[in-house]
Amino acid sequence: YRVLKAIETYADPGDLARNILKQILVEVRKQISQAEIPLPASISAEQLRAILIQYLSRASLGMGPQAVTYSLLRVFNRRTATFGDVTSAPPTTADAPAGRVADIECKDREGVIRLAVCVTQRLDRPKLDDELEKCRLRSVSKVQFVAHEIAVEIQDAYQKATQQGIDVTITRLEDFVLILTALLNGQMRRELLDEICRVLREWGGNSAEMEFKEALRSILRRA
């Protein structure tokens, strides 16, 4: 009532009303994104694959693929303790100024990078050469490339990396997701969905999290 009264008595009610409506929509969107989605007791591997593939099919300026890859590695590492820590930062943060060698870094307990993970839309020769050079300069001997599109000749890429003393793996994003999610049990799949939401909320706010939850709702609705 107070809001409506303020609009009616304002000198330019149309302008004020538009601004208030925008703010109301922002708040509604925030509430929707923060609403918990009731997850079933068990999420099948097929449901998880469908959720991730539907979500990753959207354009997200690199945030979606990196957030999913990072979350997968974090959940897997929490259960296996393969690395001391798995770290990353939003894709809008440049690697060099931030002191990182790759999008995702898997480190041992002394903080030494044991695996550098580069997540990219398109892996071409300039991108490959640039990432390998960064790793060589930082003495990182193991690198994984995860890409939507692979535009390099695989054998040539492996040969070039070997010549520099770097152990390289090149994987399409969808293949990486399918392989790793197949290794997760039901509890880990639920844990992964929560982790992706957390990472997206931290990196891109409510709107980024809501985009993922929309894919989540869409697939679970069919169950």
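These legends describe several close-up views of one predicted model.

Residues are numbered from 1 along each chain as its sequence is written. In this predicted model, local features need pLDDT of at least 70, side-chain atom pairs count only at pLDDT 80 or more, and totals for chains, interfaces and linings use all residues, while side-chain values use heavy atoms, without hydrogens or water.

**Figure 1. The whole protein chain.**
The protein chain holds eight helices and five strands. Helices (H or I, at least four residues) and strands (E, at least two) are DSSP runs, numbered from the N terminus. Along the sequence the pattern is α-α-α-α-β-β-β-α-β-α-β-α-α. The C-alpha trace spans about 75 × 40 × 35 Å along its principal axes. The protein chain has 223 residues, and 41% of them count as buried. Buried means under 20% relative accessible area, exposed over 50%, and partly exposed in between (1.4 Å probe, protein chains only). Contact means heavy atoms within 4.5 Å. Of the contacts with a separation of 6 or more, 68% join residues 24 or more positions apart.

**Figure 2. The five-stranded sheet.**
The sheet is open, and its five strands follow the order β1-β2-β3-β4-β5 with mixed pairing. Two strands pair if DSSP finds at least two bridges between them. β1 and β5 are the edge strands, each pairing on one side only. From one strand to the next, the twist averages 20°. Axes are lines fitted to C-alpha atoms, for helices over the stretch in contact, and angles run from 0 to 180 degrees between N-to-C directions.

**Figure 3. Strands β2 and β3, with helix α4 on the sheet.**
β2 (residues 104-107) and β3 (residues 113-123) pair in the antiparallel sense, over four bridges. I104 has V117 of β3 as its bridge partner. Helix α4 packs on the sheet and touches β1, β2, β3 and β4. The direction of α4 makes about 165° with that of β1.

**Figure 4. L73 and its contacts.**
L73 lies in helix α4. L73 has a relative accessible area of 10%, so L73 is buried. Leaving aside neighbours within four places in sequence, L73 is in contact with V86, I104, C106, V117 and F176. D85 is twelve residues from L73 along the chain. The C-alpha atoms of L73 and D85 are 9.9 Å apart.

**Figure 5. The β-α-β unit of β4, α6 and β5.**
β4, helix α6 (residues 154-163) and β5 form a right-handed β-α-β unit. A crossover is right-handed if, with the strands pointing away from the viewer, the path from the first strand over the helix to the second runs clockwise. β4 (residues 142-150) and β5 (residues 167-172) run parallel, joined by six bridges. V168 in β5 is the bridge partner of V143.

**Figure 6. Helix α3 against helix α7.**
α3 (residues 45-56) and α7 (residues 173-182) pack at an angle of about 160°, and their axes are 10 Å apart. The two helices are therefore roughly antiparallel to each other. Angles under 35 degrees count as roughly parallel, over 145 as roughly antiparallel, 65 to 115 as roughly perpendicular, and the rest as oblique. α3 passes α7 in a right-handed crossing. A crossing is left-handed if the near helix is turned anticlockwise from the far one by less than a right angle, and right-handed if clockwise. From α3, L48, R49, L52, I53 and L56 meet L173, E174, V177, L178 and T181 of α7.

**Figure 7. Helix α3 against helix α8.**
The axes of α3 and α8 (residues 186-221) come within 7 Å and cross at roughly 135°. α3 is therefore oblique to α8. This crossing of α3 and α8 is right-handed. Among the α3 residues in the contact are A45, L48, I51 and Y55. Those from α8 include L192, I196, F212 and L216.

**Figure 8. Two loop residues with positive phi.**
Most residues other than glycine have a negative phi. A81 has a positive phi, near 55°. A81 sits in the loop between α4 (63-80) and β1 (85-88). A81 is partly exposed, at a relative accessible area of 42%. S139 also has a positive phi, near 60°. The place of S139 is in the loop between α5 (125-137) and β4. S139 counts as exposed, with 66% relative accessibility.
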